[in-house]
Amino acid sequence: MTLAERLAGARSVVVLTGAGVSAESGVPTFRGADGLWRQYRVEDLATPEAFRRNPRLVWEWYDWRRQLIAGCAPNPAHAAIAWLERQVPEFLLVTQNVDGLHRRAGSVRMVELHGNLWRARCLQEGTTRDLPDVPLAEMPPRCSCGGLLRPDVVWFGEALPPSALEQALQAADSCDVFLVVGTSAAVQPAASLPRVAREHGAFVVEVNLESTPLTGIAHDRHHGKAGVLLPRLLGLSPSPGPQPLSPA
Ligand code: OAD
């Protein structure tokens, strides 16, 4: 049975994505050869301690990433996932990405496990607000109440939003097909969701440029670019098939 056929017969599908799904849009990943964590230190930029020490530096880094992403567009992998959502009765996209590209591609039934860098949160009031796609005027920015704003993302050492995690776990518990796309599966608890799904009987499929700690538990693995493979696997673009031999 092809993946497209399996998905056509599925009642409930979960898709877990990581930075690899946005790589073909031009958004840097974290752990690849050109990954952000090769050039920057997590402890300087993505922990609560780093923010306490130097909120301006942290905001400058997030502002730089926002400007970079503002110039990027969703790619065929984002579009294929948004299309799949419209074909399946029960569907949940669980993304670790904070870039907002899934939403721009039309995904609706989704949870952003690590937050969204287009939002800020007031440390005093706990309220959130959207950020513009132009550089911030005030650095670090402040709320109208005078409190310091922080990026509304999850940093290392912080807990995930409980409702997002609960929703992701429930969906993983009860889905027929679990598709993992473009994550190194290095960060918990996101990396354990495919295992939960597998233990509850789901068919697990991985799409990634390379092998990951999840490759061994996947029933089906596809190595290559998500923007090329996903449309093909979902039956949205013709498979290249065997090419005719050209005369020497
Ligand atoms: P990583 O950078 O760790 O992994 C990206 C994965 O995508 C790797 O396994 C690549 O092989 C794969 N990949 C790259 N390009 C691809 C492509 N075109 N098609 C398919 N696969 C491709 O990113 P994440 O797994 O998302 O968290 O990282 C998880 C979390 O760690 C992030 O959400 C972030 C980071 O630190 C926080 O900041 C809390």
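# A walk through a predicted model

Ala-185 has a relative accessibility of 13%, so it counts as buried, the cut-off for that label being under 20%. The structure shown above is a predicted model. Ala-185 sits in the loop between β7 and α10. Although Ala-185 is not a glycine, its phi is positive, at about 55°. The loop between β7 and α10 also contains Pro-189. A cis peptide bond links Gln-188 to Pro-189, with omega at about 0°.

Pro-140 belongs to the loop between β5 (128-130) and β6 (149-153).

Next, consider helix α9, which covers residues 162-174. Its 13 residues reach 19 Å from the first C-alpha to the last, close to the 18 Å expected at 1.5 Å a residue. Which residues of α9 are buried? They are Ala-164, Ala-168, Ala-171 and Ala-172. Seen down the axis of α9, these buried residues fall within an arc of 100°, so they line one face of the helix. An α-helix has 3.6 residues a turn, so residues three or four places apart point the same way. On the other side of α9, Pro-162 and Ser-163 are exposed. The buried residues of α9 pack against the strands β1 (12-17), β2 (90-95), β3 (110-112) and β7 (177-181), and against helix α10 (193-199).

Helix α7 (residues 76-85) includes Leu-84. Is Leu-84 buried or exposed? Leu-84 counts as buried, because its relative accessibility is 3%. Leaving aside residues up to four places away in sequence, Leu-84 touches Leu-7, Val-13, Val-15, Phe-91, Leu-179 and Leu-234. The C-alpha atoms of Leu-84 and Glu-112 are separated by 18 Å, and these two residues are 28 residues apart along the chain.

Helix α6 (55-70) has 16 residues and reaches 22 Å from its first C-alpha to its last, close to the 22 Å expected at 1.5 Å a residue. Its buried residues include Trp-59, Trp-61, Tyr-62, Asp-63, Arg-65 and Arg-66. The buried residues of α6 pack against the helices α3 (36-39), α4 (42-45), α5 (48-53) and α8 (101-104), as well as the strands β4 (115-122) and β6.

The empty spaces come next. Rolling a probe the size of a water molecule over the atoms shows where empty space is left. How many cavities of 30 Å³ or more does the structure hold? It holds 1. The largest cavity has about 140 Å³ of space. It is lined by 14 residues, and the closest to its centre are Val-27, Pro-28, Phe-30, Arg-65 and Val-98. Helix α6 gives the most to this lining, with 4 residues. By class, the lining of the largest cavity has 9 nonpolar, 3 polar and 2 charged residues.

The largest pocket contains about 1,100 Å³ of space. Of the 47 residues that line this pocket, Ala-19, Thr-29, Phe-30, Arg-31 and Ser-184 are the closest to its centre. At least two residues of the pocket lining come from each of α2 (20-23), α6 and β8 (203-208). The lining of the largest pocket divides into 23 nonpolar, 17 polar and 7 charged residues.

Definitions and conventions
Residues numbered from 1 in each chain as written. Predicted model: local features only at pLDDT ≥ 70, side-chain atom pairs only at ≥ 80, totals over all residues. Heavy atoms only, no water. Expected span 1.5 Å × (residues − 1). Buried < 20%, exposed > 50% of the residue type's maximum accessible area, 1.4 Å probe, protein only. Arc of directions from axis to C-beta. Contact = heavy atoms within 4.5 Å. 1 Å grid on protein atoms, 1.4 Å probe; cavity = no way out; pocket = protein on both sides within 12 Å on 5 of 7 lines; lining within 4 Å. Points joined across faces, edges and corners; volume = space filled by probe spheres on them. Nonpolar A, V, L, I, M, F, W, Y, C, P; charged D, E, K, R; others polar.
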